[in-house]
Amino acid sequence: MGIESNVFPLLNLSELATRYRLYEIRGLKRHAEYYQNQQILIHRLSYLLKHPVTVIEYDEKPFLVVSDDAPEPPERFQVIRGVVYFKSIGTTLTLDYSLRTPQNDEICRRFLHFMVQSYLFENAQLWQPSAGKPFFEKVPHQKFGAISMFRGFSVRPFFTECGEIGLCVDVQHKFISQYPLPTYLTEQSFQQYKAKHCIYHYGHQWYEIQLSELSDLNAMEERVPDGNNWIPLLDYIIKNSRKPIPEDLASISQDAAVVHYFNNQNQDRAAIAALCYLVYDTTDPAVQKYHSHTILKPETRYYAISKLVEKYLREIKFSNITLKVACIPEQVSEKKFTLPDYRFGNNYCLSVRGTEGVTQVTLEQLGRKRLELLSSPNAGVYVQEPFDRQYFLLPQTVGESFGSEFVQDLTKTINQIYPAGGGYKPQIIYYPDRGFRTYIEQGRAILKTIEEQQLQPGYGVVMLNCTPTFARQHDPLAALVVRELKDYDLYVATIHSKTGKDCYELKYDKNGQPFYAARPQKRGKLLGYLRAVALNKVLLTNERWPFVLNTPLHADVIIGIDVKHHTAGYIVYNKDGSRIWTLPPVTSKQQEQLSKEQITACLIKILTEEAEQANYPLLNIVIHRDGREYDCEIEGARQAIAVLKTQGILLEDANLTILEISKSAPTSLRLFDVISRKDENINNPSIGFYRIINNDGYLCATGQPFSKQGTVKPLHVRYVEGTLSFELCLEDIYYLTALTWTKPDDCSRYPITTKLNDRRLSEDASEYDEDALRFDFSEDIESEFMSDENADSDPASEEIIS
């Protein structure tokens with residue numbers, strides 16, 4: 001039948017008449033917070049006016065777009081580092097949903113999104129954690145003891161290949177406690193719930209809150225404003241709830257405990273504790289064993305999406321019109337890239353594309369063959385140089401338990417894969433890890449140990465201890481360690497102790513002496529993990545690339561940039577893939593972006609060095625930005641090119657192309673290879689499949705013929721600006737995914753395209769060795785068993801509706 005997406009076309013948009021007003025935004029300065037201020041205006045004014053609002057640009061001037069039936073916006077509005085003013089252009093315009101321009105597309109997306117969200121918000125069968133998040137059914141999809149798994153869907157307007165607008169719909173899941181918080185709480189018993197997230201059953205409306213404090217008043221003593229009066233909290237909830245009220249509200253005791261939380265306007269609000277149900281984070285051990293229920297096969301996801309669309313989205317009533325949605329998703333034209341050739345040590349080449357004079361292999365055989373070649377005497381690792389000075393930092397608690405066994409097993413694995421290193425012989429260093437409550441304290445303990453040891457420059461691996469206290473803090477701790485250790489000329493990658501704790505167990509020899517060994521049922525998992533650490537955390541950190549490209553890129557040089565937790569990383573690829581190198585981590589004042597001056601200086605340094613090494617002119621220069629490319633970064637990149645042209649390092653016809661590699665999206669585009677709907681024969685699309693719509697590209701970096709538990713999520717790439725064609729840029733990205741292993745926690749020393757991979761591996765260790773097209777795992781190796789259902793969208797991208 002062909003390739004289908006999860007985008008369902010809107011059938012009668014021509015009947016929708018929407019009018020809007022434009023206001024020139026004055027005082028919106030183009031400093032580092034320009035984009036953030038745009039989002040503030042969109043979100044807060046949408047909430048204030050209870051109507052859709054967005055910001056567009058005409059002739060490099062920002063304009064506020066407001067629905068014609070909305071109230072007038074305030075004359076002035078506070079934003080970061082300033083105040084903006086709105087000046088009406090004096091006319092009302094009609095929105096044409098068939099016109100495709102960047103400005104008109106943005107208005108169409110925003111207004112349609114508001115309509116759909118408002119319609120679903122009124123459906124009493126659904127609940128939404130917060131504005132812009134997925135909608136979930138109120139009846140649990142499955143129950144696991146005291147935990148309920150709710151199924152729902154995310155939905156966003158999306159453009160089809162033929163320029164029409166549809167709704168992109170994807171399945172989502174959320175784990176919630178079946179039972180509410182206790183009716184009565186003491187200050188001591190509340191501490192286990194403080195700062196936890198809950199779903200608050202406010203009558204028929206459910207939404208997510210974060211508990212801040214316990215009130216010393218009960219549900220009748222706590223009073224809230226109701227017009228000019230103050231009435232008991234319980235009476236207020238009953239009064240404002242749709243009738244008939246739900247059973248859990250009807251049965252609330254008048255002396256029930258009250259908790260406090262802050263809403264999205266940072267206002268303190270009260271809630272009845274017995275109406276709050278704990279949310280289980282995906283890192284919570286209580287739900288990890290149920291993640292497999294959220295990883296859906298293509299046919300399961302396909303029909304789940306279709307049923308949700310049929311039930312909730314076939315007809316969307318808004319104002320005086322009913323928008324009709326197609327029951328069959330769009331069919332996508334089939335376009336596909338072919339994998340590049342690989343080059344290993346001893347100039348050994350491997351091809352799946354039929355290149356003459358090199359070893360041929362089928363796509364199905366590629367994973368196993370590639371792994372074999374790493375330790376083959378005829379091939380081996382591409383970079384074959386002895387190791388520099390090596391360190392391995394272990395938490396004291398790990399060193400006192402399974403640490404020695406882990407290091408021995410890892411050393412054996414590294415020496416098997418990389419005999420050219422002369423033997424992996426790291427200096428083992430233990431640091432204290434007991435009693436630290438924050439990642440800052442843990443980081444200080446590591447740095448103090450480094451200072452006391454007076455280590456010489458070198459490379460290393462730092463194991464971070466995973467405890468419940470540090471949940472959600474692994475990334476900042478890893479970034480802190482990487483950033484601070486570079487000042488000691490130590491270049492490290494980080495891993496966590498979770499997998500080791502899971503795979504090793506305490507045993508006793510025949511003399512009753514204790515020792516640690518791998519659990520028999522975990523040997524396969526441990527083997528795959530050790531190989532991943534050897535490749536991703538040791539070889540890559542030391543820039544010992546296992547293999548490189550043997551098919552040239554279309555770009556003359558590609559520069560990958562990522563900024564995370566005030567640490568920026570750069571990685572550089574030359575045209576023929578034989579030279580891959582990184583810059584030491586750069587500290588950024590902004591948490592997720594670089595200043596114009598920083599990026600200018602770094603690009604001048606990179607391109608100057610690359611021009612000296614290359615035997616060809618650098619004409620097509622491409623930047624891959626992991627996440628958003630900010631205006632100040634674009635200006636800095638342009639300035640670097642201009643400076644280098646003036647210095648004669650680049651030719652006058654050298655050009656710059658910039659791409660954004662999307663970190664996440666509120667709704668994911670999915671692609672399905674529909675063989676037969678009747679027989680429910682639906683597969684993942686083939687690896688290399690891609691589609692381009694305007695400035696948005698989608699690439700299947702995983703897929704058939706490689707096995708995958710779930711449904712492929714194509715990589716989203718946005719074309720920001722440049723001269724090299726988008727299709728050639730997308731093909732280069734596909735080539736670089738062939739070099740992808742994983743994203744080390746150290747954001748400065750990884751191939752930027754590792755973020756492109758959405759592969760979720762099962763606990764079958766054979767997938768590591770045989771079925772994997774790349775040595776790619778998820779963002780942190782320890783989280784490879786996480787599903788792709790529970791990642792929150794970037795708060796900055798949240799849409800706010802009434």
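Colleague: In which hand does α15 pass α16 in their crossing?

Modeller: First, the ground rules. This is a predicted model, where local features need pLDDT of at least 70, side-chain atom pairs count only at pLDDT 80 or more, and totals for chains, interfaces and linings use all residues. Residues are numbered from 1 along each chain as its sequence is written, and side-chain values use heavy atoms, with hydrogens and water left out.

Now the idea. A crossing is left-handed if the near helix is turned anticlockwise from the far one by less than a right angle, and right-handed if clockwise. Here α15 passes α16 in a right-handed crossing. Helices (H or I, at least four residues) and strands (E, at least two) are DSSP runs, numbered from the N terminus.

Colleague: At what angle do the axes of α15 and α16 cross?

Modeller: Axes are lines fitted to C-alpha atoms, for helices over the stretch in contact; angles run from 0 to 180 degrees between N-to-C directions. Under 35 degrees counts as roughly parallel, over 145 as roughly antiparallel, 65 to 115 as roughly perpendicular and the rest as oblique. The axes of α15 (residues 596–613) and α16 (residues 631–646) cross at roughly 40° and come within 8 Å. The pair is therefore oblique.

Colleague: Which residues of α15 meet α16?

Modeller: Contact means heavy atoms within 4.5 Å. On the α15 side, Lys596, Ile599, Thr600, Leu603, Ile604, Leu607 and Thr608 meet α16. Their partners in α16 include Cys632, Ala640 and Leu644.

Colleague: How do α10 and α14 pack?

Modeller: At an angle of about 70°, with axes 9 Å apart. That makes α10 roughly perpendicular to α14. Their crossing is right-handed. Among the contact residues are Phe406 and Leu410 of α10, and Leu530 and Val538 of α14.

Colleague: Which residues touch the most other members of the largest nonpolar core?

Modeller: A nonpolar core is a set of buried Ala, Val, Leu, Ile, Met, Phe, Trp, Tyr and Cys residues joined through side-chain atoms within 4.5 Å. Buried means under 20% relative accessible area, exposed over 50%, partly exposed in between (1.4 Å probe, protein chains only). The largest core has 72 residues, and Phe344, Phe392 and Phe406 touch the most other members. Its largest share, eight residues, comes from α14 (residues 523–539).

Colleague: Is Glu137 buried or exposed?

Modeller: Glu137 counts as buried, because its relative accessibility is 15%. Glu137 sits in strand β9 (residues 135–137). Beyond four places in sequence, Glu137 touches residues including Trp127, Arg151 and Lys311.
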